[in-house]
Amino acid sequence: MPIASNDRPYSSDDDPRRTGAAGAGSAAAAQGAGSADGAARVAERVQAVPGSGIRRFFDIIASMDHVISLGVGEPDFVTPWPISEAGIRAIEQGHTHYTSNLGLLELREAIARDLERRYGVEWDPREELLITTGVSEGLDLAARAIINPGDEVIVADPSYAAHAPAVVLAGGVPVPITTRASQGFALDPKAVEAAITPRTKALLIAYPSNPTGAVLERPTLEALAEIARRHNLLVISDEIYDRLVYGGFEHTPIASLPGMKERTITLGGFSKSHAMTGWRVAWAAAPSDLFAGMLKIHQYAMMSAPTVAQYAALEAVRAGEEYVVAMREEYDRRRQLMWRGFNKLGLACAEPRGAFYAFPSVAQTGYDDETFAEQLLIQEQVAVVPGSAFGAAGAGHVRACYATSYDEIEDALERIGRFLHYAPLAK
Ligand SMILES: Cc1ncc(COP(=O)(O)O)c(C=O)c1O
């Protein structure tokens, strides 16, 4: 039952421009990328991106009974009812047409006010704020709007599985920077600066982090901002977990630092904070020239974000705060249980400061991360995601999501304890 054998995430070694290979197309070739006469039918940059290792893992889970899933990266809560009701009301009132390409003005204005209050940054809702179909679309728009063929974009390793592929699909080259458990998986500004070349166009950062739970301290963010300004780099900042920060730690939006708003594309949304993954609605905030580039792609590729979802999001911004706070409190309780639980079991786990993931090391068990995840699933029906699905530097770790019930996490920890008893290096 292989989980992620050739679903390795994209790494710079796979890049045809760097290796001279015709594209790391084993996964794509298996999907029929070549035609009968041998000519590639699927574009090289698409072939260079392996399929999602996580997706395949979920397919395996779906075929099994009684699995406790710590694998899926989405809230177990359903969307708070008043938000869903606003969506239902939108249908009842016949709001079933396209909106403006930019999204409902009312929603953009509400988001602009909310961001001014929370981030201290003013974005013009008419020229700098776009409603997108999830942060997923925002990432694609940001990458396609700024990348010329061969441009390099610095990304953290490990990082969210879609980040490097977004760069590759836009014709760019992701340059992964190893982050380490010993440094709380924070991006090291010195390592970033050392990786800059004349081709470097942007820095893609995403804190709080999926998969590590890392949150960047303000001085680190200031150092990164200073590097971006000095080297005239753009920044794409995926801040989808901005509301999920715990234990006195704070999230600083990089656009709020001096001189950064004008070089940063900030992406945020409702999927995680308001348990709205299925509605597919988010926002992108960017200086007007980058905004115009993104809008051009969005209007041809997407037209507008789902209208009903936009009305629901409007209610989320206006009246969703109490739900965000309540869900965050519950995640925090589960977070404490999970990371302390892993450490008690001997799986070293740095304190996750944000998002809803713990990223313990499994190296001391004698299993590599893929075997650990596979055997844990088979023997104890607990699903975690191998850390190498998020980049080479994730190897030796697994991602466990605590957006699942407290009782299930307790049960999962018990099962993991039993499993560890039989691990190769068990005493
Ligand atoms: C870091 C990060 N960015 C973006 C997304 C996708 O967000 P959306 O549902 O808004 O497309 C995810 C989902 O897991 C994520 O973890």
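Which residues are buried in helix 5? In this predicted model, local features require a pLDDT of at least 70 and side-chain atom pairs count only at pLDDT 80 or more, whereas totals for chains, interfaces and linings use all residues. Residues are numbered from 1 along each chain as its sequence is written.

The buried residues of helix 5 are Ile83, Ala86, Gly87 and Ala90; a residue is termed buried if 20 or more other C-beta atoms lie within 10 Å of its own, exposed if 12 or fewer, and partly exposed in between, with C-beta atoms placed from the backbone. Seen down the helix axis, these buried residues fall within an arc of 100°, so they line one face of helix 5; the arc is that of the directions from the helix axis to the C-beta atoms. The face turned away from the buried side carries Trp81, Ile91 and Glu92, which are exposed. Helix 12 (307-319) is included in what covers the buried residues of helix 5. Helix 5 itself (residues 81-92) comprises 12 residues and reaches 16 Å from its first C-alpha to its last, close to the 16 Å expected at 1.5 Å a residue; the expected span is 1.5 Å times one less than the number of residues. Just after helix 5, glycine 94 adopts a positive phi of about 80°.

In the protein as a whole, 15 helices and 12 strands are found. Helices (H or I, at least four residues) and strands (E, at least two) are DSSP runs, numbered from the N terminus. Of the 427 residues, 52% count as buried. Among contacts with a separation of 6 or more, 74% link residues 24 or more positions apart, a contact being a pair whose C-beta atoms, placed from the backbone, lie within 7 Å.

The ligand is surrounded by 13 residues, of which the closest are Gly134, Val135, Ser136, Asn210 and Ser271; a residue is near the ligand if its C-beta atom, placed from the backbone, lies within 6 Å of it. Helix 7 (residues 134-146) contributes the largest share of this shell, three residues. By class, the shell has five nonpolar, seven polar and one charged residues, where Ala, Val, Leu, Ile, Met, Phe, Trp, Tyr, Cys and Pro count as nonpolar, Asp, Glu, Lys and Arg as charged, and the others, Gly among them, as polar.

An open sheet is formed by three strands in the order 9-12-11, with antiparallel pairing. Strand 9 (357-358) and strand 11 (385-386) are at the edges with a single partner strand each, so one side of each is left without a neighbour in the sheet. Strand 11 is joined to strand 12 (residues 398-401) by two bridges, pairing being assigned if DSSP finds at least two bridges between strands.

Methods:
Two residues are in contact if their C-beta atoms, placed from the backbone, lie within 7 Å.
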